[in-house]
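Welcome! Let's take a friendly walk through a protein model together, one part at a time.

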Amino acid sequence: MFSIFKRKRLALNPVPLTLAQSWWLFAAAIAALVPLLEHIPVWLSATAAVGMAWRAWLIWRAGRLPPRWLLFILVAAGCVAVAVEYRTLFGRNPGLALLVMFLALKLLELRSARDGVTVVLLGCFLLLASFFFNQSIAAALLVTVALIVIVAALLSLQHVSTPRRQLQQSALLLAQALPFMLVLFVLFPRVQGPLWGLPQDAFTASSGLSESMSPGSISKVAQSDAIAFRVKFKGQPPPPQQQYWRGLTLTQYDGVSWKYRPEPEMSELPYEPTGKSIDYEVTLEPHNQRWLFALEKAGELPPASSISRDGLILANQPVRNRLRYSMRSYPDLATDPKTTVRIFKAALQLPNGVNPRTRALAESWRAQYDDPEKIVQVAIAFFQSQFLTYTLNPPLMQENAVDAFLFQHKRGFCEHFASAFAFAMRAALIPARIVGGYQGGEVNPVDGYFTVRQYDAHVWVEVWLKGRGWVRVDPTADSAPSRIENGLSQAVAANESLPLMARNNYAWLRELRYRWDATANAWNQAILGFNPERQRDLLSKLGMPEPDWKQMTAWLAALCGLLLLGFTLFALHQREQRDEAGRIWQAFQRRLARREITIAAWMGPATYASYAAAQLPQHATAIHAIAECYAALRYAPEQTAAHLAHFKALVARFKP
Amino acid sequence: MNTFVLRPGLALSQLRQRIWPRHPDTAPLTLSQRRIYVLPTRAGLAYGATLALMLVGSINYNLSLGYALTFLLGGLGVIASVNTFRNLAGLQLSPARHTPGFAGELLHYGLQLNTARPRPGLRFQFADSAQSSFNLEESHTLSLPLPALQRGWQAMPRLTISTTWPLGLVRAWSYARFQEQCLVYPAPALTAPPYTPPEREGAQQRSPEPDDFFGLRPHRNTDLLQHVAWKASARLDEGLLSKQFASEHGSAIWFDLAHTPGTSLEEKIAILVRWILDAHASKQSYGLKLGTLRLEPANDNDHLHACLQALALI
């Protein structure tokens with residue numbers, strides 16, 4: 001057994017790589033690493049770069065590869081570095097870091113074609129890994145280019161031609177593989193992942209709202225024009241006053257920041273929805289949190305989600321992939337979901353000793369009026385009377401932030417407004433909580449999707465009024481109504497820095513951006529969002545009744561088989577087509593064969609002619625003429641159609 | 001005897017005949033899909049394993065583009081197989097002129113390859129010997145080396161034509177069994193006793209004087225006029241003849257198997273080959289006597305090969 005193995009190893013003996021092959025593999029390694037560069041630690045990129053530069057220098061100088069023991073030490077050092085960086089060697093990111101390091105070091109022990117194959121396979125895997133971080137159109141294009149280089153490197157291990165030709169061939173092979181990819185993509189029975197628990201580090205924090213709100217946190221989010229979610233309304237979008245996308249509630253207040261407090265969850269709606277409904281479908285960008293955004297008063301729950309006591313819609317798992325869900329809301333519904341004592345208490349909790357002026361004011365309202373609703377109105381009136389300015393760049397207010405905002409600086413963003421209002425309500429013994437989410441959004445005229453961006457992030461207040469339940473109060477809207485009517489750009493002063501899409505000038509740029517967003521959305525919906533559910537829908541539309549995995553597999557096998565058959569037939573169809581001269585020469589031979597004069601494979605035209613002429617002396621001249629003509633056609637540097645015609649005529653006249 | 005008997009062995013033997021036919025192939029042999037076999041290589045298996053891993057990763061992390069990449073690479077593997085197959089399909093092989101070699105050295109089988117398109121990365125391998133690679137650009141005659149074993153005719157072993165082009169993931173191969181043979185000349189002795197003219201009676205014993213008349217041959221332009229055998233030329237009516245003298249041949253020597261030192265036939269043959277090669281190299285005329293076979297003295301390549309062939313086939 002051992003000897004057989006050894007012999008096999010010998011048979012595949014490592015043929016040393018040529019210079020061109022080494023360069024190709026080097027290029028393949030670079031191509032595999034480029035899409036990952038911005039997602040791996042800087043020190044790792046630097047190490048890989050040094051390793052590759054070392055290799056490039058070795059190729060350049062035809063130097064000797066470093067000894068194995070040195071590589072072993074480098075691998076060990078790399079493992080330690082990765083373990084220190086990530087505190088573990090297991091998990092997605094450390095594993096990826098290790099692969100990157102292995103690839104860089106593998107280049108330093110590139111000896112045979114086998115090592116070359118290893119580099120190529122590692123490269124393919126790393127290309128896949130780059131999709132962990134980015135699956136945009138640009139990323140797909142980048143990976144396609146990288147793949148062409150990597151396949152060209154694999155080609156070079158078999159046969160080296162010019163770089164241009166090599167890349168062409170690689171692209172051609174990949175183009176031939178495309179039909180298989182399409183068939184497999186549509187028909188391969190999809191399974192909803194994950195297959196097992198994902199490592200903890202699988203998803204790093206995404207932009208968007210977080211579980212706590214301190215002064216400045218929302219205005220930071222509002223600097224971004226990244227898309228939070230897209231909505232497709234079944235009819236007209238509701239008016240801006242109803243475009244409040246609820247996300248989470250912030251109940252716990254410690255004097256500085258407001259925090260989210262989980263409440264018990266129910267799998268069914270605690271109320272009976274009635275009245276006019278708004279139907280829509282939300283495509284939520286992953287934000288690594290459980291809350292799903294919806295208009296107020298949800299009328300149904302998406303699958304794998306529940307509703308909490310404070311009316312939040314929560315997915316069972318944090319949203320780590322783009323998620324699509326249908327929703328229905330009843331904006332006019334007056335509900336009073338049973339508020340528990342626990343929620344009541346939480347909505348009244350206030351730390352002692354902060355914001356004494358506001359507290360005193362609120363307590364005076366409480367003493368003055370009995371009716372909570374009246375107090376709310378008084379408070380709104382007070383906010384309006386203070387001439388508060390809505391700005392993206394509020395001054396820093398740390399201690400007694402509410403007092404500072406209301407009485408001193410009078411400049412703030414929505415979090416300051418909401419925080420101050422909720423504080424005042426609680427001080428006046430009215431249950432109040434802050435709601436975080438988004439307000440507004442805009443219709444993309446290209447594809448009709450309603451787009452909500454990070455700069456639409458907003459917080460407002462809900463107060464509990466007896467008989468009416470939780471009622472929304474938006475102190476920002478009351479002080480700067482244009483924020484709600486016309487969006488951020490109208491509400492803030494012209495000289496403040498706004499995200500590009502939030503500005504109203506540069507119409508052509510917006511137009512371009514709309515188109516790009518629509519394309520990206522189509523990409524997200526059709527390709528990235530192609531999940532088991534979508535697959536079933538698509539196949540049903542294509543005429544497959546109730547598609548299941550058996551049908552899909554059968555169709556998959558049939559179509560792939562057909563494709564394979566097609567390609568094979570094409571390969572066989574391109575028969576050996578001997579040239580015209582060769583065909584005529586064969587006709588000549590057949591004529592002589594009838595006179596029992598056959599050609600041996602090794603005979604050239606001249607040898608054959610002398611042989612045939614010796615057998616048929618009476619035709620010697622004709623035979624020699626034909627042979628000379630054929631030899632000229634075969635071996636002369638220039639050939640013309642006239643030559644060929646002459647040759648044809650000679651053979652036609654020849655009748656032995 | 002007319003009863004049909006079910007013979008399970010028959011189907012098996014037919015199958016074996018299909019796969020390893022006993023009868024030789026006739027030239028020209030065109031590699032058709034029926035004779036081309038395709039199987040993944042080790043690199044191909046590793047590629048498959050990598051794709052399986054990538055698929056699991058894509059499922060686990062719900063990577064739509066991961067699926068796409070995996071499927072594209074899967075399609076690439078299939079396309080690579082078709083291309084590998086195509087690299088052999090339609091190739092036409094026929095035996096060409098073989099080059100004999102000395103036992104213990106290499107002989108070369110000639111192989112004419114006819115193709116309408118370039119076929120890179122073809123590999124040729126005889127049974128167990130080393131394989132040689134070749135990039136076929138157009139129709140071409142190859143000469144494939146093989147160690148020459150024993151003097152005499154050496155049959156062309158089964159030839160394996162294979163390729164892993166373009167990606168090295170699958171190997172396509174086919175066999176050619178041509179009924180061809182190539183001559184193996186006996187190996188020359190490494191050390192041979194110097195040639196000594198045999199003791200003989202009569203005039204032939206005496207080595208010819210330089211000026212002795214040796215024979216006639218066709219006239220060449222460089223021949224001196226006084227060497228033209230005018231009378232003989234007139235009589236024989238075959239154009240001018242020139243007289244040949246012993247000095248022109250050096251001393252024409254006769255190698256005779258019967259008078260060659262050595263204990264065994266093979267040893268004698270080896271010594272004779274050594275003598276012949278030395279004589280050829282020093283441009284001496286030599287003749288060869290093997291029992292009843294006589295090869296008249298001459299010194300050219302044809303004569304050398306004729307002598308070596310005679311010795312090879314004793």
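This is a predicted model: local features need pLDDT of at least 70, side-chain atom pairs count only at pLDDT 80 or more; totals for chains, interfaces and linings use all residues.

## Chain A as a whole

Chain A contains 24 helices and 19 strands. It has 656 residues, and 35% of them count as buried.

How do parts of the sequence meet in the fold? Take the contacts in chain A between residues at least 6 apart in sequence: 72% of these join residues at least 24 apart.

## Two packed helices

Two packed helices are described by the angle between their axes and the distance between the axes. Helix α5(A), residues 92-106, packs against α6(A) at an angle of about 150°, and their axes are 10 Å apart. That angle makes the two helices, α5(A) and α6(A), roughly antiparallel, because angles over 145 degrees count as such. Their crossing is left-handed.

Which residues of α5(A) make the contact? They are Leu96(A), Leu99(A), Val100(A), Phe102(A), Leu103(A) and Lys106(A). On the α6(A) side, the residues include Asp115(A), Val119(A), Leu122(A), Phe125(A) and Ala129(A). Sorted by class, the residues of this contact between α5(A) and α6(A) are 10 nonpolar, 2 polar and 2 charged.

## A sheet of five strands

Now look for an open sheet of 5 strands in chain A, where the order is β12-β7-β2-β17-β16 and the pairing is antiparallel. Which strands stand at the edges? They are β12(A), residues 323-329, and β16(A), residues 442-443. Each has a single partner strand, so one side of each is left without a neighbour in the sheet.

β16(A) pairs with β17(A), residues 450-453, in the antiparallel sense over 2 bridges. In one of these links, Val443(A) has Phe450(A) of β17(A) as its bridge partner.

## Where chain A touches chain B

Finally, step back to see both chains. Their contact takes 48 residues from chain A and 52 residues from chain B. In chain A, the helices α6 (113-130), α7 (137-156), α8 (163-187), α18 (507-528) and α20 (549-573) each supply at least two residues of the side that touches chain B.

Which helix gives the largest share of this side of chain A? It is α8(A), with 10 residues. By class, the side of chain A that touches chain B has 36 nonpolar, 9 polar and 3 charged residues.

Technical notes. Residues are numbered from 1 along each chain as its sequence is written. Chains are lettered from A and ligands numbered from 1 in the order in which they are written. Two residues are in contact if their C-beta atoms, placed from the backbone, lie within 7 Å. Helices (H or I, at least four residues) and strands (E, at least two) are DSSP runs, numbered from the N terminus. Ala, Val, Leu, Ile, Met, Phe, Trp, Tyr, Cys and Pro count as nonpolar, Asp, Glu, Lys and Arg as charged, and the others, Gly among them, as polar. Two strands pair if DSSP finds at least two bridges between them. Axes are lines fitted to C-alpha atoms, for helices over the stretch in contact, and angles run from 0 to 180 degrees between N-to-C directions. Angles under 35 degrees count as roughly parallel, over 145 as roughly antiparallel, 65 to 115 as roughly perpendicular and the rest as oblique. A crossing is left-handed if the near helix is turned anticlockwise from the far one by less than a right angle, and right-handed if clockwise. A residue is buried if 20 or more other C-beta atoms lie within 10 Å of its own, exposed if 12 or fewer, and partly exposed in between; C-beta atoms are placed from the backbone.
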